[in-house]
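This report describes selected local features of one protein model. Please keep the sequence and the 3D view open while reading.

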Protein chains: 2
Amino acid sequence: MRSPLLMIPGPTNLDPQVLEALSWPSIGHTSPEFHEEFNELLYLTAKLYKTKKENVIVYSGSGTLGMEGAVASLIEPDDKVLALITGYFGERFAEIAEIYGAKVKRLVYPSGHDVNPEDVKEALEKDEYKAILVTHIETTNGVYNRVEEVAKVARRYGVLIFVDVVSSLGGAPFYFDNDGYDVAFAGSQKCIAAPPGATLIAISDRAKEFLENRRTEIKSYYFNLKRWLKVMENPRIYLATPTIPILRATRIALKLLHKEGLENRWRRHEQMAKLVRKGLTELGLELKARRSSPTITVAKLGKPIAEKLQEYVLKKHNVLISTGIGGESKDVIRIGHMGIVNREMVELTLSAIEDALKNLN
Amino acid sequence: MRSPLLMIPGPTNLDPQVLEALSWPSIGHTSPEFHEEFNELLYLTAKLYKTKKENVIVYSGSGTLGMEGAVASLIEPDDKVLALITGYFGERFAEIAEIYGAKVKRLVYPSGHDVNPEDVKEALEKDEYKAILVTHIETTNGVYNRVEEVAKVARRYGVLIFVDVVSSLGGAPFYFDNDGYDVAFAGSQKCIAAPPGATLIAISDRAKEFLENRRTEIKSYYFNLKRWLKVMENPRIYLATPTIPILRATRIALKLLHKEGLENRWRRHEQMAKLVRKGLTELGLELKARRSSPTITVAKLGKPIAEKLQEYVLKKHNVLISTGIGGESKDVIRIGHMGIVNREMVELTLSAIEDALKNLN
């Protein structure tokens, strides 16, 4: 069987050039050749975040490892943190902050609702916080948060702002410097359309200062962004053996992304999202998110047939879509339209779902 | 330029079948296909450790991430730990234990000397410890520690024994169950001859019990082996997106390894090591390690020409060897003869070094 079209919220379909980079003969992580490539990867990552090269860190690991790096390095025991929770990954962000000793105040929204910046303002009026944790695009329900509005509030109150951009970076407008975020992290396997295994992090000068002035030592070896910043300056410093093939493939994926143009890419994602939303609502399905994202669309089926539908679409049409995560798994489908996804792929997916709905009724 | 022959202590040369697996079209980490492959990977890993499938954990990350997982999960604040240090990676092991709050007593050997089990006995007579940390083969100087002797002492005193097998697993005799280790971790990019990016961990029933009976919570999200054990039982549980291409390539590399036969492989590594040792001493170089390992050989040059020699051998013969790490970097060369390295590759390397020594004198 030929491999299925991936219409899931990552890993995504890979361009043949990215696949090819994966199987280049191995090189040493201490070779000048690899260091040159790594520096280009950092440069391309900075361009993606719209920040400077000195403010990005790339290391091996998924978005989760980026999240833990950000928290372990910038949160100290007893720090007060405001967590804005619009789904599973927002809750995980809060949970990791608690592991590192933060006192977390949760603002939990019903699944499908996005963060209201007014609530953030109110919370910051009432209490003092060191940091706000927020998810840009929530992978579980497709909710698209107005993080730039949250950042505006955070800056007004002098609070650090941490953003999970795992499912948005490269697929939705994000201006790290301009909108004044402090730390953000993404995974290679989402909108960048590289294989999983690299996390791309941006860190502000203000956050770097916090890093330097910590009261306590960072309680992890690998998740120590202070050490990683030194490796970024000089990739000859050894910290851990990097996942070389993934970093090389990510560099090629980023080159392709910038060749298309970041703004063009954002526009394409939005167009694909519109097609998906239109198609699904025409099929009688209701969208899960009030403010739906350009990279993931989640629709309610109205009955617990998600797994059956997934199986049908895969077997009959060779298209892979996702079911839900956790409690919501049975009656929602999640469609990723990120990375190199085009109109033809979206149309194929929609007609496959249409066929499935007809035959499963 | 064709890519160089890698004669470094990892990453190693890859078999074409392993390279090919890297560039298979992407699949989802939640697909049944991937779960089947992952289960086979666990089975092959258990066979490599000579333990049962229930006692292995594989997750994305290098050997360093395996080390931090073992320490974060099994060491608690104020635990007394005996660290046997025969080089850079032994010291790192101690350092990570300290990050997680251990009270570490260091037994430091001069570089080149291996651990004397009598010293361990003496230390355990004098004081009570929860665990011993030891490196099987020290990547920095090629020292080959008699960990099975250390394990014997540890068991007699009821102390947990943690072994770094990053540079030995698959390349040197290691019997996890039979010799009674408690936790061991390796990297995919060494003797297994897969690309970097997976860590292979073994954990004893006794260590699992300690895990269950911890006084305190594990202070990391990713490095929580309790969570990982559940994922190994059921790979459908989502913890973090795995580095799929690396895990697939590792599975293929392990299949090739077991096809050769683990014992045959150990024998081949020992044969290659003998050739290298003989060749280098005939060239007038002195070996760094008193007890040299079957996977890495480190030789003293007698003058600080390591980098020049490395460059010469690479440019003129397209063979990559390593210089030292840290303080010892300038007057030693490190040769990895692990994974798929054969007699022809060793001979090419030795003649390249001979040529370099002649021309750099």
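Helix α12(A) gives the most to the lining of the largest pocket, with 6 residues. Helices here are DSSP runs of H or I with at least four residues, strands are runs of E with at least two, and both are numbered from the N terminus. The model is predicted, so local features need pLDDT of at least 70 and side-chain atom pairs count only at pLDDT 80 or more, whereas totals for chains, interfaces and linings use all residues. Residues are numbered from 1 along each chain as its sequence is written, chains are lettered from A and ligands numbered from 1 in the order in which they are written, and side-chain values use heavy atoms, with hydrogens and water left out.

**The largest pocket**

The largest pocket holds about 950 Å³ of space. Its lining consists of 41 residues, and those nearest the centre are A:Thr323, A:Gly324, A:Arg334, B:Thr30 and B:Arg236. Two or more lining residues come from each of α3 (63–74), α4 (88–99), α12 (306–317) and β12 (322–323) of chain A. On a 1 Å grid over the protein atoms alone, a cavity is a set of points where a 1.4 Å probe fits but cannot get out, while a pocket is an open set with protein on both sides within 12 Å along at least five of seven lines; lining residues have an atom within 4 Å of a point. Grid points are joined across faces, edges and corners, and the volume is the space filled by probe spheres set on the points.

**Backbone geometry**

A:Asn318 is placed in the loop between α12 and β11 (319–320) of chain A. Its phi is near 60°, a positive value in a residue other than glycine. A:Asn318 is buried, with a relative accessible area of 7%; buried means under 20% relative accessible area, exposed over 50%, and partly exposed in between (1.4 Å probe, protein chains only). A:Ala193 also has a positive phi, near 65°, and is not glycine. This residue is found in the loop between β7 (183–187) and β8 (198–203) of chain A, and A:Ala193 is buried at a relative accessible area of 2%.

**Aromatic pairs and charges over rings**

Rings of Phe, Tyr and Trp (its six-membered ring) pair if their centres lie within 6.5 Å; planes under 30 degrees apart count as stacked, over 60 as edge-to-face and the rest as tilted. By this rule there are 29 aromatic pairs over all chains. A:Tyr49 and A:Phe174 form an edge-to-face pair, 6.3 Å centre to centre with 65° between the planes. This pair links distant parts of the chain, 125 residues apart: A:Tyr49 lies in helix α2 (residues 32–49) of chain A, and A:Phe174 in the loop between β6 (160–164) and α7 (176–179) of chain A. Both A:Tyr49 and A:Phe174 are buried. The pair of A:Phe176 and A:Tyr181 is tilted because the ring centres are 6.3 Å apart and the planes stand at 35°. A:Phe176 is buried, with a relative accessible area of 1%, and A:Tyr181 is buried, with a value of 2%. Ring pairs also link A:Tyr59, A:Tyr222, A:Phe223, A:Trp228, B:Tyr59, B:Tyr222, B:Phe223 and B:Trp228 into a cluster.

A charge sits over a ring if NZ of Lys or CZ of Arg is within 6 Å of the ring centre and within 35 degrees of the ring normal. The charged end of A:Lys80 sits over the ring of A:Tyr129, 5.7 Å from its centre. In chain B, the charged end of B:Lys80 sits over the ring of B:Tyr129 at 5.6 Å from the centre.

**Two buried residues of chain B**

B:Thr295 lies in the loop between β9 (286–287) and β10 (296–300) of chain B, and B:Thr295 is buried, with a relative accessible area of 0%. Its side chain reaches the backbone oxygen of B:Ser167 at 2.9 Å. Beyond neighbours within four places in sequence, B:Thr295 is in contact (heavy atoms within 4.5 Å) with residues including B:Cys191, B:His269 and B:Ile335.

B:Leu280 belongs to helix α11 (residues 262–282) of chain B and is buried, with a relative accessible area of 0%. With neighbours within four places in sequence left aside, the contacts of B:Leu280 include B:Leu287, B:Thr297 and B:Ile335.

Conventions
Polar contact = N/O pair within 3.5 Å; in protein donor to acceptor, adjacent residues only side chain to side chain.
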